[in-house]
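Have the sequence and the model side by side before reading on.

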Amino acid sequence: MPYKRLPAEEVSQRITGFRELLEARGIEGSLIVQKVDLYYLSGTDQDAHLWVPRSGEPLLMVRNNMERALEDAALEHIVPLSGFSQIPSLIRAHLGQTPGSMGLEMDVLPANMYLAYRKLFPETKMADVSPLIRRLRMKKSPYEIDIIRRAAHMADQLFQRIPGFIKESRTDMDLVLRAEAFYRMQGHPGLCR
C-alpha cells in the first residue's frame, strides 16, 4: 500500500481549531516541536519547528530533510532551519514582529529546551498549550475515525496470524520481524508505540 499524505483539508481544519483555542486564551501563536503534535498539525514528523500563529499562515522550519518535508507537509510556508538560534528571525520575518506571547508543549518539553526558548524570546510571555492540543486531538474527524478503523482491522489481521508466526519463528526477534513485515506489507509505517 503506497504512502498517503495527510489531506490538506484535514490539516487546515486542525490548524483552524487550534487557532480558535489560541485566540480564546489570548496567545499570539504556538511553537510545536513534539513529533506527534507536529504530524497532527502539519502532516510531517521531520526534525522541525512549527509556528502556528493565531492568525495568518503556519510556518514550518525544517532542520534536516527539506525535500521530504515538502513532500509530506500539507502547508504552504516551509523553510530550512540551519540552527536553533535562527527560529526568532524566521518567525519575526513571517509574522512581521516578535510575538508577545507564545505557546509551548510544556507537558513534554524538557526544561533545558524551555530555558533555551526563554533565551531566544526574552520578552515573550510563555504559556502551556498542551491542554489545548489534547482538547483538539480528542475530537476525531471522519478521516481520523476511518484511519482508526483501518488500523484496528490491520491489528485484527496480525493477531490472527500470530500463532503461525510463533510456530515459524526461532527467536523472539524473528517473531517481531515477521509481525513488523506483515504490518508494513499492509501499509503500516512500522513504528509501534
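Predicted model: local features only at pLDDT ≥ 70, side-chain atom pairs only at ≥ 80, totals over all residues.

**A buried charged pair and its surroundings**

R14 and E10 are both buried. For E10 the relative accessibility is 6%, so the residue counts as buried, the limit being under 20%. Both residues belong to helix α1, where they sit four residues apart, about one turn of the helix. Helix α1 itself covers residues 8–25. The side chains of R14 and E10 form a salt bridge, with an N to O distance of 3.2 Å.

What does E10 contact beyond its neighbours within four places in sequence? The residues are S141, Y143 and E144.

The partner is R54, and the closest N and O atoms of the two are 3.7 Å apart. This pair links distant parts of the chain, since E23 is in helix α1 while R54 is in the loop between β2 (48–53) and β3 (59–62), 31 residues apart. Are these two residues buried, partly exposed or exposed? R54 has a relative accessibility of 28% and is therefore partly exposed; E23, at 48%, is also classed as partly exposed.

A further salt bridge joins R68 and D72, whose closest N and O atoms are 3.0 Å apart. Both residues are in helix α3 (residues 66–72), four residues apart, about one turn of the helix. Elsewhere, salt bridges with shared partners connect E10, R14 and E144 into one network. In total, eleven salt bridges are counted.

**A histidine and its contacts**

H94 is in helix α4, which spans residues 87–95. Its relative accessible area is 27%, so H94 is partly exposed. Leaving out residues up to four places away in sequence, H94 touches W51, E57, P58, L59 and H77. One of these, L59, is 35 residues from H94 along the chain, yet the C-alpha atoms of the two are separated by 7.4 Å.

**The whole chain**

These local features belong to a protein with eight helices and six strands. Along the sequence the elements follow the pattern α-β-α-β-β-α-β-α-β-α-β-α-α-α. Along the principal axes, the C-alpha atoms fill a box of roughly 60 × 35 × 30 Å. Of the 193 residues, 39% are buried. How much of the contact set joins residues at least 24 apart in sequence? Among contacts between residues at least 6 apart, the share is 56%.

**Surface and charge**

The accessible surface of the protein is about 11,300 Å², and carbon and sulfur atoms account for 55% of that surface. There are 26 positive and 24 negative side chains, and the centres of the two sets are 3 Å apart. Which residues make up a positive surface patch? The members are R25, K125, R135 and K139. K125 is located in strand β6, residues 125–128. With a relative accessible area of 61%, K125 is exposed, because the class begins over 50%. Membership of a patch requires over 30% relative accessible area and no salt bridge, and the value of 61% for K125 is over that cut-off.

Methods
Residues numbered from 1 in each chain as written. Heavy atoms only, no water. Patch = residues over 30% accessible without salt bridge, like charges linked within 9 Å, V, L, I, M, F, W, Y side chains within 5 Å. Areas by Shrake-Rupley, 256 points an atom, 1.4 Å probe, with all protein chains shown as cover. Salt bridge = Lys/Arg side-chain N within 4 Å of Asp/Glu carboxyl O. Lys, Arg positive; Asp, Glu negative; His and termini not counted. Charge placed at Lys NZ, Arg CZ, Asp CG, Glu CD. Helix = DSSP H or I, 4+ residues; strand = E, 2+ residues; numbered from the N terminus. Buried < 20%, exposed > 50% of the residue type's maximum accessible area, 1.4 Å probe, protein only. Contact = heavy atoms within 4.5 Å.
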